[in-house]
Amino acid sequence: LYHGEANVNDPDFHHFPMLANARVWKTTVGPGEILLMPEGTYHQCRNKTDCLSYSRFHLDTLNLPSFIQSLLDDDAPEIDHATILWNACKDLMDKNDALIDLATLARKQKKPCPPITEKDLQVVQTLRTLRHSCRELAIRCGSAQSVIANSLCSEAFNWGHCVEDIDLGLHEFRYRNLARLPKQAKK
């Protein structure tokens, strides 16, 4: 709120009128305790004593839309959105490939395909969700009128190739039980 310019300890409602509507919670986090805050929560911290603090950003399907919007708005330059998204895609593609490899091995050994767990389905569904975000980036980076940051559209991040790789992996996952992979439809 107000990009950190407002002093919440001594609010100036004349210059920062929306601060009057801010909800405030105060708590004390003790040794060994953690505080989880929903994505997008503005917060301030004051340490009463010397301490070690750890903060972690967690990207999942719940906060992916706002993460992508933040990337497109370039409203958090301290976050390397492109690298985080790229690494998430790579990690999920590796997990998807491992599932395909297990099915292929079972088929070669004439054994039943391993059952798909809820966690496996979550990997595939998250990969499908990320695919759409990567496709949007590929379109925007390919546009002559692109206003996306150059670092996002650099050669290090070829979002079009990423989408192709995800599509192939999802296709292979879908037909993992077949001895012969059908041709993939062109998009």
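Predicted model: local features only at pLDDT ≥ 70, side-chain atom pairs only at ≥ 80, totals over all residues.
View 1. Trp-86, which is found in helix 2, is partly exposed, with a relative accessible area of 25%; partly exposed lies between buried, under 20% relative accessible area, and exposed, over 50% (1.4 Å probe, protein chains only). Helices here are DSSP runs of H or I with at least four residues, numbered from the N terminus. Leaving aside neighbours within four places in sequence, Trp-86 is in contact (heavy atoms within 4.5 Å) with Ala-156, Phe-157, Asn-158, Trp-159 and Cys-162. Ala-156 and Trp-86 are 70 residues apart in sequence, with C-alpha atoms 9.6 Å apart in space. Residues are numbered from 1 along each chain as its sequence is written, and side-chain values use heavy atoms, with hydrogens and water left out.

View 2. Helix 4 comprises 16 residues, 159–174, and reaches 22 Å from its first C-alpha to its last, close to the 22 Å expected at 1.5 Å a residue, where the expected span is 1.5 Å times one less than the number of residues. Asn-158 caps the N-terminal end of this helix, a side-chain oxygen lying 3.2 Å from the backbone nitrogen of Gly-160. The buried residues of helix 4 include Trp-159, Cys-162, Ile-166 and Phe-173, and what covers the buried residues of this helix includes helix 2 (81–108) and helix 3 (118–142).

**View 3. The largest nonpolar core.** A nonpolar core is a set of buried Ala, Val, Leu, Ile, Met, Phe, Trp, Tyr and Cys residues joined through side-chain atoms within 4.5 Å. Of the 27 residues in the largest such core, Leu-85, Cys-89, Cys-134, Leu-137, Trp-159 and Ile-166 touch the most other members. The elements giving two or more residues to this core are helix 1 (64–73), helix 2, helix 3 and helix 4.

**View 4. Helix 1 and the residue that follows.** In helix 1, Leu-64, Phe-67, Ile-68, Ser-70, Leu-71 and Leu-72 are buried, and helix 2 and helix 3 are among what covers the buried residues of this helix. Just after helix 1, Asp-74 takes a positive phi of about 55 degrees. Confidence in the protein chain is lowest in helix 1, at a mean of 85, and highest in helix 4, at 94.

Terms used. Polar contact = N/O pair within 3.5 Å; in protein donor to acceptor, adjacent residues only side chain to side chain. pLDDT = per-residue confidence, 0-100.
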